[in-house]
Amino acid sequence: MIRDLKGIYIIWLRDIKRFFRDKARLITGIARPSFYLFILGSGLSSAFGMFGGRGGDWYMDFVYPGILGMIIIFTSLFSAVSIVWDREFGFLKEILVAPISRTSIVIGKALSGSTLSLFQGIIMLFFAPLLRIQLNFFMIIKICLLILLTSFALTSFGILIASRMRTMQGFHMIMNFIIMPMFFLSGAMFPLKDLPKWLEYLVNINPLSYSIDAIRYVMLEDKIFLAHPLLINISVISIFAVTMITLAIFVFNITD
Amino acid sequence: MPIERGKLSVIISVEKLTKKFKNLIAVNQISFEVHEGEIFGFLGPNGAGKTTTINMICTLLSPTSGKAVLNGHNITKERNQVRQCIGLVFQDPSLDDWLTAKENLEFHALIYNIKRKTAKKRIDQILEIVELKDRKNDLVLNFSGGMKRRLEIARGLIHYPKVLFLDEPTLGLDPQTRNKVWEYIKDLKERENITIFLTTHYMDEAENCDRISIIDMGKIIAIDTPENLKKKVMGDIITVETTDNKSLSKEIENKYGKNVFFYDNKIQFEVDDSERFIPQFIRESKEDILSISARKPTLDDVFLSLTGKKIRDESASTMDGMRKMIRVRRMRR
């Protein structure tokens with residue numbers, strides 16, 4: 001047991017070290033959120049502003065949690081690429097032949113992905129005052145916990161896919177195929193109320209909708225944004241997280 | 001060898017180990033034993049099943065059938081115990097380029113549950129042996145192929161393994177570096193008192209081993225010391241070239257009762273005493289002899305006489321070339 005915890009820690013530590021060492025990743029990690037927020041966010045809110053009223057400002061508030069969600073989904077799912085990367089560069093063998101369980105490898109990877117995702121999320125939170133969104137200490141803690149839970153689920157999902165992938169190209173193809181619909185159907189860019197039936201159905205089966213809904217509620221404290229009760233949101237994300245990590249552990253444990 | 005068994009303790013014993021992939025039997029019912037403290041070599045062409053066998057013993061692959069025990073631990077039932085007492089150097093590079101030499105070793109020490117204090121001393125000691133101490137804080141990214149290989153050997157030794165597996169340890173290295181790597185291997189065997197299990201397709205390297213197992217098409221075809229294997233090829237090897245190889249080969253087979261092999265437009269066969277044989281042979285030969293030479297047998301000849309073919313040098317060298325290209329690409333990244 002202690003051995004497994006230690007294994008988790010070592011796997012986690014290496015990924016974190018690598019992230020902060022690779023300056024290009026670090027810089028894009030910081031720059032990307034601001035691009036999305038200021039270019040996409042500002043562009044869209046002025047589009048809404050054209051229709052008159054308070055639409056523009058209102059939309060900027062609305063889309064901010066959505067873009068936070070976008071950062072989380074990208075970082076988490078793509079952090080699992082490190083498994084494919086390690087396989088391609090041989091380091092995975094060093095890990096697989098070590099006397100630690102496969103389960104601790106998966107958990108270590110899931111935690112490192114979540115940590116990196118949280119790191120990016122926190123960078124994003126620094127922009128909140130610029131949008132005149134007031135966040136107090138407890139809100140920030142709640143948001144961070146939601147980010148961690150969501151990232152853990154998504155990274156596990158990424159690992160599940162990565163553990164059967166042999167090439168980087170294959171992984172990227174599948175990931176793009178998954179990320180785009182998942183993001184667009186999450187309610188990140190539009191409210192989840194009064195949608196056409198078919199769209200509402202798709203949005204409801206997307207676990208990411210529930211976490212963006214929850215983050216948005218905590219952040220803006222405005223019930224008009226809440227599509228589901230908070231308890232339901234948290235339960236759905238938790239069930240998704242447990243399912244994904246279990247599946248990832250199971251698949252990763254299969255030896256040829 | 002039942003007499004020897006009393007003297008030497010067996011560290012790896014393999015019984016009827018088999019690995020089948022979809023429609024290919026990579027390893028076919030092989031059985032052998034490795035003694036404690038020896039350098040044991042697996043010699044065979046590419047695709048003979050060497051790496052598959054190692055991967056099974058190292059718990060990376062599950063055998064289809066058969067059994068193997070390493071240092072008293074069953075390879076399918078006690079994976080973690082087996083993993084704890086082996087060190088591995090893979091055929092392809094397996095270092096983290098974005099960590100420094102020292103960090104790669106620290107990662108290894110931690111994951112093998114070595115106490116930090118012990119690990120620190122051990123890392124310094126081992127880096128000294130492989131002469132990388134002054135580069136320990138450099139990123140592996142900037143290392144040459146030979147340095148990486150040395151670091152990998154060092155890494156495989158950190159946790160005081162009982163057996164060190166080296167899968168083609170000198171593949172893709174230049175001759176000088178190859179010799180250097182061999183010096184380290186022999187030196188380590190003495191210092192650390194460990195068993196070394198290696199694979200190679202280079203005949204000259206196999207001669208460094210205490211015992212060799214020759215493997216081809218997933219089967220072991222011979223297992224013995226290099227000297228004894230060479231004795232299986234009686235006497236000396238004669239290589240002759242004439243204007244008409246076919247008729248000469250018939251002549252040799254009928255008159256002297258020797259088996260001949262053809263290769264490179266030359267005839268090759270074994271005789272007991274080449275010094276006396278050659279003058280007589282030249283006198284009595286009906287064909288014009290263009291060239292003739294005699295030499296002591298090498299393991300190449302053993303392989304040839306056991307399997308009827310040479311170790312496939314050609315395919316080996318193109319594979320080498322490909323690997324080198326891949327390595328160059330990796331280094332650039």
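Figure 1. Eight nonpolar, nine polar and seven charged residues make up the lining of the second largest pocket. Here Ala, Val, Leu, Ile, Met, Phe, Trp, Tyr, Cys and Pro count as nonpolar, Asp, Glu, Lys and Arg as charged, and the others, Gly among them, as polar. You're looking at a predicted model, where local features need pLDDT of at least 70, side-chain atom pairs count only at pLDDT 80 or more, and totals for chains, interfaces and linings use all residues; side-chain values use heavy atoms, with hydrogens and water left out. Residues are numbered from 1 along each chain as its sequence is written, while chains are lettered from A and ligands numbered from 1 in the order in which they are written.

This pocket holds about 540 Å³ of space. Of its 24 lining residues, A:F19, A:R25, A:F78, A:S79 and A:V81 lie nearest the centre. On a 1 Å grid over the protein atoms alone, a pocket is an open set of points with protein on both sides within 12 Å along at least five of seven lines, a cavity is a set where a 1.4 Å probe fits but cannot get out, and lining residues have an atom within 4 Å of a point. Points are joined across faces, edges and corners, and the volume is the space filled by probe spheres set on them.

Figure 2. Helix α2 (residues 50-57) of chain B gives the largest share, three residues. Helices (H or I, at least four residues) and strands (E, at least two) are DSSP runs, numbered from the N terminus.

**Figure 3. Where chain A meets chain B.** The contact (heavy atoms within 4.5 Å) takes 25 residues from chain A and 32 from chain B. About 2900 Å² is buried between them, 56% of it from carbon and sulfur atoms. On the chain A side, A:F89, A:E94 and A:V97 lose the most area to chain B, together 22% of what that side buries. Buried area is the accessible area (1.4 Å probe) that two parts lose on being put together, summed over both.

**Figure 4. Salt bridges across the two chains.** Chain A and chain B share five salt bridges, each a side-chain nitrogen of Lys or Arg within 4 Å of a carboxyl oxygen of Asp or Glu. In one of them, B:R155 pairs with A:E94, with the closest N and O atoms 3.3 Å apart. B:D96 and A:R18 also meet in a salt bridge, at 2.7 Å from N to O. B:D96 sits in the loop between β6 (86-89) and α4 (101-111) of chain B and A:R18 in helix α1 (residues 2-21) of chain A, so this pair joins two chains.
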